[in-house]
Amino acid sequence: MFVRSVLVIVMLALTCCMYASAQTAPAAAAPQTAKPEIRHVPATYTSPSSGKAMYEAYCASCHGLDGKGDGPAAPALKMTATNLTTLSVKNGGIFPAAHVAAEIQGGATTPAHGSKEMPVWGPIFMTLSGHSAAQTQLRIRNLTNYLESIQVK
Ligand code: HEC
């Protein structure tokens, strides 16, 4: 039991330090040569019922406001922030909802290619939701639905 509570405390401490990265875009006037840096800031609260609001707060920094993978933090990533508007096209015209939800939740997929840069959102949403698993699932579902709504045909 003791070991278990220590683990829980360690995990909580970690989730408190997780973030939606680089919420702040480099100022438009910044010199072109300045290399963008990822700044880690605590995830701000958003309504779990708005996939769009959550997307804009947590995902647009990397994936871009329109989902095409060109967010302000994208150039600072080692990996390309996936274009999230072509998930259906790349999946034979069917939106891969379960895969998307698993990717957002994190931990469901093994990183096949070294370091994963996509944040693991499950624990962050758990913290934001006051540890409500139901609200965390609602957030993931509404984000998934929002991504489905921005698919190119
Ligand atoms: C720090 C930058 C960053 C943020 C913030 C971010 N992502 Fe990602 N995301 C990535 C990168 C990079 C990849 C592709 C490589 C990988 O898996 O790490 C990715 C991959 C994905 C994939 C998998 C796409 C595929 O091809 O299967 C989905 C879905 C996704 N992100 C959704 C989201 C959602 C939803 C959010 C907000 C809750 C979000 N991402 C926030 C960087 C980010």
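**Close-up views of a predicted protein–ligand model**

**View 1. Contacts and chain layout in the predicted model.** Residues 24 or more positions apart account for 52% of the contacts in the protein chain with a separation of 6 or more, two residues being in contact if their C-beta atoms, placed from the backbone, lie within 7 Å. This is a predicted model, in which local features need pLDDT of at least 70 and side-chain atom pairs count only at pLDDT 80 or more, while totals for chains, interfaces and linings use all residues. Residues are numbered from 1 along each chain as its sequence is written. The protein chain has six helices and two strands, taken as DSSP runs (H or I, at least four residues, for helices; E, at least two, for strands) and numbered from the N terminus; their order from that end is α-β-β-α-α-α-α-α.

**View 2. The shell around the ligand.** The ligand is surrounded by 23 residues, each with its C-beta atom, placed from the backbone, within 6 Å of the molecule; the closest are Tyr-58, Cys-59, Cys-62, Glu-117 and Met-118. At least two shell residues come from each of β1 (19-21), α3 (60-63) and α4 (97-105), and α4 gives the most, with four residues.

**View 3. The largest nonpolar core.** This core, a set of buried Ala, Val, Leu, Ile, Met, Phe, Trp, Tyr and Cys residues joined through C-beta atoms within 7 Å, has 19 residues, where buried denotes 20 or more other C-beta atoms within 10 Å of a residue's own. Tyr-55, Tyr-58, Cys-59, Ile-124, Phe-125 and Leu-143 have the most contacts inside the core. Two or more core residues come from each of α2 (51-58), α3, α5 (121-128) and α6 (133-149), with the largest share, four residues, from α5.

Terms used: Buried ≥ 20, exposed ≤ 12 C-beta atoms within 10 Å, placed from the backbone.
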